[in-house]
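Visitor: I'd like to learn how to read a ligand site and the pockets of a protein. Could you walk me through one?

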Amino acid sequence: MDGAGTLTLRTALDGERLLVEFRDTGPGVDPGIQGRIFDPFFTTKPVGEGTGLGLDISWRIVVNKHHGSLDVQSVPGDTRFQVRLPLTADSPDGN
Ligand SMILES: Nc1ncnc2c1ncn2[C@@H]1O[C@H](COP(=O)(O)OP(=O)(O)O)[C@@H](O)[C@H]1O
Ligand SMILES: [Mg+2]
């Protein structure tokens, strides 16, 4: 958001899953790169500023580890990252 704007966090029950939504009023994610932003080391920030790891780490935690989902919807002024997590976790022995 470049230091100005509104970040809104919202939680809700979405069927059998917990929804956590991060919404911002920044410039948005260009549609042409939306398919790549979760890739490791993908960044549009200048060298030395971005690592391109934030969304990769988020994906690994939410999707790979907790079997949730991570989605983005974005137009300029309204970008929403939606995390959905199962309300019941697998038991440690996988049952
Ligand atoms: N809230 C956002 N609004 C617009 N673009 C975003 C947002 N979050 C991520 N992006 C885009 O996705 C890219 C990758 O994000 P991320 O993995 O967090 O790495 P980094 O922040 O280090 O660039 C960013 O460089 C940017 O292009
Ligand atoms: Mg980031």
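**Reading the pockets**

Guide: Start here: ligand 1 sits in the largest pocket. To "sit" there, more than half of the molecule's atoms must lie within 2 Å of the pocket's grid points. This is a predicted model, where local features need pLDDT of at least 70 and side-chain atom pairs pLDDT 80 or more, while totals for chains, interfaces and linings use all residues. Residues are numbered from 1 along each chain as its sequence is written, chains are lettered from A and ligands numbered from 1 in the order written, and side-chain values use heavy atoms, without hydrogens and water.

Visitor: How is empty space found in the first place?

Guide: Rolling a probe the size of a water molecule over the atoms shows where empty space is left. A pocket is an open set of points on a 1 Å grid over the protein atoms alone, where a 1.4 Å probe fits, with protein on both sides within 12 Å along at least five of seven lines; lining residues have an atom within 4 Å of a point. Here the largest pocket holds about 640 Å³ of space, the volume being that filled by probe spheres set on the points, which are joined across faces, edges and corners.

Visitor: Which residues lie nearest the centre of the largest pocket?

Guide: Ile 37, Lys 45, Gly 54, Leu 55 and Phe 81, out of 20 lining residues. Helix H1 (54–65) and strand E4 (78–86) each give two or more residues to that lining, and H1 has the largest share, with 4. Helices (H or I, at least four residues) and strands (E, at least two) are DSSP runs, numbered from the N terminus. The whole protein has 1 helix and 4 strands, in the order β-β-α-β-β.

Visitor: And how many residues surround ligand 1?

Guide: Counting residues with a heavy atom within 4 Å, there are 15, and Asp 24, Thr 43, Thr 44, Lys 45 and Leu 55 are the closest. For polar contacts, look for N or O atom pairs within 3.5 Å. The side chain of Thr 44 has an N or O atom 2.5 Å from a ligand 1 oxygen. Backbone N or O atoms also approach ligand oxygens: 2.9 Å for Gly 52 and 2.8 Å for Leu 55. The protein covers 80% of the 530 Å² of accessible area that ligand 1 has on its own (Shrake-Rupley method, 1.4 Å probe).

Visitor: What is the volume of the second largest pocket?

Guide: About 340 Å³. Its lining includes Met 1, Asp 24, Lys 45 and Phe 81.

Technical notes
A polar contact is a pair of N or O atoms within 3.5 Å; within protein, one must be able to donate a hydrogen and the other to accept it, and residues adjacent in sequence count only if both atoms are side-chain atoms.
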